[in-house]
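These are my notebook entries on one structure. I record what I looked up, entry by entry.

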Amino acid sequence: MRFIVVKDLSPEAARARTVRAVADVLKKVGKTEILSFDASLIKRLTKDDVIFNLAIGKRHDFLQGTISAIMEGLGNEFVGSPAYTHYVCLDKFTTKSLLNSYGIPTPAGTLFDGSYFVGDIPAPPLIVKPVAEGSGIGVESDSLCDSIEMAKKVAKKKFEEFKEPIIIEKYLDGAELTVGVIGFGSELKVLPSLEIDFSNLPKGVERFYSKRVKEEYASQTIYRCPALLSEKVQREVLDIAKKTFEVTKARDYLRIDMRLDKDQPYVIEVNSMPGLDPQNSDIPKMIKAMSKDYEWLIKYVIKRAIQSLEVQE
Ligand SMILES: Nc1ncnc2c1ncn2[C@@H]1O[C@H](COP(=O)(O)OP(=O)(O)OP(=O)(O)O)[C@@H](O)[C@H]1O
Ligand SMILES: [Mg+2]
């Protein structure tokens, strides 16, 4: 068996750090190589390889889904979710539709496709955000709207700017949580929830995870893990996290962003390839709260793929 860590041709700093950190753990388990995603990659793979993809490509090329699809087509074993999960979760409106059809709570909302509003716009307050971005892109102070007219105006403006459909959904002003799920089948583990508390931000700064809050106010944002939740809410979070993992057909590691509204958790977004940066990513923060370390996390995440390869041999 050999591990292949797949990386972007020129990853940004946090991604490059993740590639090194994951590869360092894998080297303790078996032979490990780091390869960039390009046309030569496929020729270099053998059926003895376990692929750990960390390449995300460029904006809107959905590379993590494509790499999973290629591995599935070739019959190569890989760590992480199948292509289906990535394609569903990379589009927040598709995710919402899927979860709703299984009775998993998401904020009431609609989509502006450039010409039409698909369905009714819920009563304000509303949040307006692009359907397929990450890292807070397009989530700005103007995203929070207190009238339907304003939300329509902001949706049109963001459509012009981001050239993609825009979600308009009910703004939930309860606590913000992110929940990690790792493993598979009987080994599935829901990690301690991480609460992101904006109450310490300077006056005038939005109380949600906008791009500028993520980038400029990290030191004034409070991260609490485990989150302070009643037993009832905690049970509900656990149930929603497990169901979401199941219906998105996820594997090995997933992160689900939630917001509370009067003690009811709602899923606002599902991250099918969440960050594994040992310094800054949320899942490693949750692992610390369990008194486990990064090496334990990566070894847990690769278990299913290794077992599956061994069964084939
Ligand atoms: N319905 C909502 N109610 C309240 N806040 C919301 C809602 N939707 C989004 N937000 C806020 O906007 C932030 C960013 O939204 P979202 O998670 O959809 O985007 P993202 O940029 O893709 O995030 P990530 O970087 O986690 O991929 C959320 O973390 C939350 O603070
Ligand atoms: Mg998010």
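Entry 1, domains. Domain bounds come from an automatic or database domain assignment. I worked with a predicted model, in which local features need pLDDT of at least 70 and side-chain atom pairs count only at pLDDT 80 or more, while totals for chains, interfaces and linings use all residues. Residues are numbered from 1 along each chain as its sequence is written, and chains are lettered from A and ligands numbered from 1 in the order in which they are written. I found the protein chain divided into domain 1 (2–79), domain 2 (108–170) and domain 3 (174–272). Taken over C-alpha atoms, the centres of domain 1 and domain 2 are separated by 34 Å.

I looked up the secondary structure, which comes to 10 helices and 15 strands; helices (H or I, at least four residues) and strands (E, at least two) are DSSP runs, numbered from the N terminus. The radius of gyration of the protein chain is 20 Å, close to the 20 Å from the globule rule for 313 residues, so the chain is as compact as a globular protein of that length. This radius is taken over C-alpha atoms, and the rule is 2.2 Å times the number of residues to the power 0.38. Along the principal axes, the C-alpha atoms fill a box of roughly 60 × 45 × 35 Å.

Which residues come nearest to ligand 1? Of the 22 residues around it, they are Pro107, Gly134, Phe208, Tyr209 and Glu269; a residue is near if its C-beta atom, placed from the backbone, lies within 6 Å. Two or more shell residues are given by each of β7 (126–130), β9 (166–170), β14 (252–261) and β15 (264–271). The largest share, three residues, comes from β15. Domain 2 and domain 3 both give residues to this shell, so ligand 1 lies between them. By class, I noted nine nonpolar, four polar and nine charged residues in the shell. Here Ala, Val, Leu, Ile, Met, Phe, Trp, Tyr, Cys and Pro count as nonpolar, Asp, Glu, Lys and Arg as charged, and the others, Gly among them, as polar.

The axes of α1 (residues 13–29) and α10 (residues 294–312) come within 10 Å and cross at roughly 70°. Axes are lines fitted to C-alpha atoms, for helices over the stretch in contact, and angles run from 0 to 180 degrees between N-to-C directions. That makes α1 roughly perpendicular to α10 (65 to 115 degrees; under 35 is roughly parallel, over 145 roughly antiparallel, the rest oblique). Ala21, Val22, Val25 and Val29 of α1 make the contact with Tyr294, Glu295, Ile298 and Lys299 of α10 (C-beta atoms, placed from the backbone, within 7 Å).

The peptide bond from Pro124 to Pro125 is cis, with omega near 5°.

Key. Two residues are in contact if their C-beta atoms, placed from the backbone, lie within 7 Å.
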